[in-house]
Amino acid sequence: MSGAIWRQHFTFNKYSQIAARAVRQSLVEAERLKAEKRGDTILKYQKWENGQGGNQIPFNAPKADS
């Protein structure tokens, strides 16, 4: 029996997402919060006209630390 049975059910990207989530959830609280913050991404878009970029506009603004 192969050690890669997950390949029958998941793509590699999905498998790595599941594994990363399991690792993050197994961390102690302080380290888990740091790991979750590293996982956040900020997506921005920028409209270009005549070869010049306009202002960058965030799709999801970062959350304020409380």
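**Notebook: surface patch, hairpin and salt bridges**

I started with the surface. Phe10, Phe12, Tyr15 and Ile18 make a nonpolar patch of about 370 Å². I then picked out Tyr15 from this patch. Tyr15 sits in helix α1, residues 12–26. Its relative accessible area is 34%, so I list Tyr15 as partly exposed.

**Confidence**

This is a predicted model, and I checked its pLDDT next. The protein chain has a mean of 79. Of its residues, 79% reach 70 or more. I also looked up where confidence is highest and lowest. Helix α1 comes out highest, at 87. Helix α2, residues 29–39, is lowest, at a mean of 80.

**Hairpin**

I moved on to the strands. Strand β1 covers residues 44–49 and strand β2 covers residues 52–58. They run antiparallel and are joined by 5 bridges. I looked for the partner of Tyr45 and found Ile57, in β2. The hairpin has 2 residues between the strands. Asn50 takes a positive phi there, near 55°.

**Salt bridges**

How many salt bridges does a search of the whole structure find? I got 3. I went through them in turn.

Glu29 pairs with Arg32 in a salt bridge, and their closest N and O atoms are 2.7 Å apart. Both residues lie in helix α2. They are 3 residues apart, about one turn of the helix. Glu29 is partly exposed, at 47% relative accessibility. Arg32 has 19% relative accessibility, so it counts as buried; the cut-off for buried is under 20%.

Glu31 forms a salt bridge with Lys34. Here the closest N and O atoms are 3.6 Å apart. Why about one helical turn between Glu31 and Lys34? Because they are 3 residues apart in helix α2. Glu31 is partly exposed at 38% relative accessibility, and Lys34 is partly exposed at 48%.

I then turned to the salt bridge between the side chains of Glu49 and Lys47, at 3.5 Å from N to O. Is Lys47 buried or exposed? Lys47 is exposed, because its relative accessible area is 59% and the cut-off for exposed is over 50%. Glu49 has 47%, so I list Glu49 as partly exposed.

Technical notes:
Residues are numbered from 1 along each chain as its sequence is written. Side-chain values use heavy atoms; hydrogens and water are left out. Patches are made of residues with over 30% relative accessible area and no salt bridge: like charges are joined within 9 Å, nonpolar side chains (Val, Leu, Ile, Met, Phe, Trp, Tyr) within 5 Å. Accessible areas come from the Shrake-Rupley method with a 1.4 Å probe; for residues, only the protein chains shown count as cover. A salt bridge is a side-chain nitrogen of Lys or Arg within 4 Å of a carboxyl oxygen of Asp or Glu. Helices (H or I, at least four residues) and strands (E, at least two) are DSSP runs, numbered from the N terminus. Buried means under 20% relative accessible area, exposed over 50%, partly exposed in between (1.4 Å probe, protein chains only). Two strands pair if DSSP finds at least two bridges between them. pLDDT is the predictor's confidence in each residue, from 0 to 100.
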